[in-house]
Amino acid sequence: MLVRLIVATFFAVGLAGCVTVSNPLTQEQREALRLASVAVEVDPAATLWWGDGDRAYARSKGLPETESEALSKTPEARAFIAKAAEGKIAAALERELKPALAGQQPVKVMVTLRNLRVTSIIQRILVGGPHEMTAGVTVVDAKSGRPILSHPGLRAIARAGEGIGGTFVDAAFLPDPIDRLTGNFAEDFTSWLLQRPGPTPPPK
């Protein structure tokens, strides 16, 4: 288990650099957009590491949470966790984009989740590491299906309290990690889509 945690942490650090993807839309084109719907799917090859999702699946089967890690390896558990993650991402994007996209052209935002890593309490205590996710996002015309704009791999992170003290503070005072992470993803995508001025905010 410890080896797995260390490898995952180095993997996350290796992804820390982000690739800049240009947004070719003009301000007039951006202001014309209106959100019609959000659709989220999980790439079949996606990494899904979300302990709370694993434990929720175990509870749904009437099984103890201590069996959640073993259960998470089954196709049924993966489908359960994927559906839960899809719902979290869609809800976060709708909260951000509904008020931001108020133009006349209805668009659909299509998301493909490629990586989801919500660091466990054990990892945060022993080796640290942020929560992170990566997803491709395409904006299409809601009527014709014509692609308007695409980001092949938007990465978002959420800081995680480290050590015993930091982990305790996280659990006591902050929203659930998955909600902070998907919220940051939605904010980052909205900022990129609308080309909001100012420097990129630090990881949250």
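First, some ground rules. Residues are numbered from 1 along each chain as its sequence is written, and side-chain values use heavy atoms, with hydrogens and water left out. Because this is a predicted model, local features need pLDDT of at least 70 and side-chain atom pairs count only at pLDDT 80 or more, while totals for chains, interfaces and linings use all residues.

**The whole chain**

You'll find eight helices and four strands here; these are DSSP runs numbered from the N terminus (helices H or I, at least four residues; strands E, at least two). Along the sequence they come in the order α-α-β-α-α-α-β-α-β-β-α-α. Contact means heavy atoms within 4.5 Å, and among contacts between residues at least 6 apart in sequence, 73% join residues at least 24 apart. Some overall numbers:

| Quantity | Value |
|---|---|
| Buried share of the 204 residues | 41% |

Buried means under 20% relative accessible area, exposed over 50%, and partly exposed in between (1.4 Å probe, protein chains only).

**The core**

A nonpolar core is a set of buried Ala, Val, Leu, Ile, Met, Phe, Trp, Tyr and Cys residues joined through side-chain atoms within 4.5 Å. The largest one has 41 residues, and L116, F189 and L193 have the most contacts inside it. At least two residues of this core come from each of β1 (33-50), α5 (75-100), β2 (105-118), β3 (131-141), β4 (147-158) and α8 (177-194).

**Two helices crossing**

The axes of α5 and α8 (lines fitted to C-alpha atoms over the stretch in contact, with angles from 0 to 180 degrees between N-to-C directions) come within 8 Å and cross at roughly 40°. That makes α5 oblique to α8, since angles under 35 degrees count as roughly parallel, over 145 as roughly antiparallel, 65 to 115 as roughly perpendicular and the rest as oblique. Residues meeting there include I89, L93 and L97 in α5, and F185, F189 and L193 in α8.

**V111**

V111 sits in strand β2 and counts as buried at 1% relative accessibility. Its partners, not counting residues up to four places away in sequence, include V40, I89, L93 and V137.
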